[in-house]
Amino acid sequence: MENKNMLSDKVPFHRRISYSLTDTGGNLLYCIITGYLLYFYTDVFGLSVGVAGTLLLLTRLIDAIDAPIWGFIIDHTKSKYGQSRPYFLWLCVPFAFFTVLTFTTPDLDGTWKIVYAAATYILAGICYTGISTPITAILPNLSRDPNERVILNSFRMVGGNIGNFAAVTFTLPLVAYFGGGNEQKGFTITVALAAVIAIIMFLIAFSDLREINTTKIKKLPMKQSIKAVKGNWPWVLVVAANLIFWIALTVRTSTLVYYFEYNIGDKGLVPLINGISVIQVLGMMVIPFIVKFSNKYTTTILGFALAAIGQVIMFTGGEVLSIIIIGWIIGNIGSGIACSMPFAMLSDTVDYGEWKTGLRASGFLTAIGSAFCIKAGSGLGGFIPSLILNAVGYVPNEVQTEASLLGIQFIFIWLPAIIFALGVIPMIFYRPYEKQEDKIRQYLTANQTS
């Protein structure tokens, strides 16, 4: 009876807030990486655009391999703190430390400078996977109630958006303030400040969150964890949609500064435009209401569609700032929805996998569905623009040719629109699986309380 009550209980409000802090802290640092690392490498650190793009791709793809490993580790974790929660304590300092090093420019030349960039970026990424995977993996163990999970995930995504807002809005102004004209110094100090704040947030979350049902979760051999994927088609579809989303989002965020500096002619607008992106919170907040009156796959399709439409509206605006802002607002509301939904749906695919195979591999499945998608998507999303920039003859800190300007416009406007539109496809096929959720939940609840 005690376990049944635990399954039906709602998560207290203060723990919803604590859960949101995990993504606030994570995004505070990671969104500086996704939003500014390509620019930092080319215009501050001193790498060529070709080297920078290749570095982003290779390090991200190598780093993405650790996602299933981290998931496997979490599935084998049993501690007095829980299964996922202790990683907020264990990894917050290493993640912060290596992120600061990633944005530090050492007195190195040639190959050693590239080696330093690759090493610090990979280490920061490994730590990010280790601390972000539990953020998603812990959700199925915070509540069995799908509606409560949607609410929890909305809190998380709002918190993550606040972290993203702070990262993309205040980074360049703080770099200018702390650097006093020296962007290398400014980036190091700015990221160090964000790192301290992120550590505090993760420690608060660690202290307050509690996991349920982890005592009955069995340790799974790697072979069994992989077996949990077999026949889990809703998981495959959610992973595909999430990967597509992060490619599109990274293309958009990593090329924003180029578009406004060279095509619009006012780099100073970047903090304003990024600041407006906080409107994503609106999309995240309305998700529980949209899902209540429709369903999850339709809500996700809506998000992808709005994100693509917003890109098109920005194109129609040309250099008219008001129209650009309208398109940016619509696109960000859409991306806020499209970003949030896969993370909530991953919990349902964990349930589906347990129902289908008898194996509950929450860490392994959510690691690939979240951290792998984010890292592989951001790697591809950073590499593809660098290829196009290189092909059209982009030269950092110079007046751009007409071909370069058209290339920048394409990768900022049209490429994200096309990729966002592709995200609709997996969700079209998700519909029959969502209809089975009530039956699956009843089966699992009966099995846990028997």
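Start with helix α12 (residues 280-293) and helix α14 (residues 321-357): their axes come within 7 Å and cross at roughly 55°. Axes here are lines fitted to C-alpha atoms, over the stretch in contact, with angles from 0 to 180 degrees between N-to-C directions. That makes α12 oblique to α14; under 35 degrees would be roughly parallel, over 145 roughly antiparallel, 65 to 115 roughly perpendicular, and the rest is oblique. Who touches whom? On α12, the contact residues include L282, M284 and I287, and on α14 they include I333, I337 and M341. Contact means heavy atoms within 4.5 Å. By class, this contact has eight nonpolar, six polar and no charged residues.

A word on sources. This is a predicted model, where local features need pLDDT of at least 70 and side-chain atom pairs count only at pLDDT 80 or more, while totals for chains, interfaces and linings use all residues. Residues are numbered from 1 along each chain as its sequence is written, and side-chain values use heavy atoms, with hydrogens and water left out.

Next pair. The axes of α4 (residues 66-75) and α15 (residues 362-391) come within 7 Å, crossing at roughly 150°. So α4 is roughly antiparallel to α15. F72 and I74 are among the α4 residues in this contact, with F364 and I368 among those of α15.

Last, α7. Where does α7 bend? At F170, by about 45°, and a proline, P173, follows within four residues. The bend is the angle between axes fitted to the seven residues ending there and the seven starting there. After α7 comes G180, with a positive phi near 55°.

Definitions and conventions
Helix = DSSP H or I, 4+ residues; strand = E, 2+ residues; numbered from the N terminus. Nonpolar A, V, L, I, M, F, W, Y, C, P; charged D, E, K, R; others polar.
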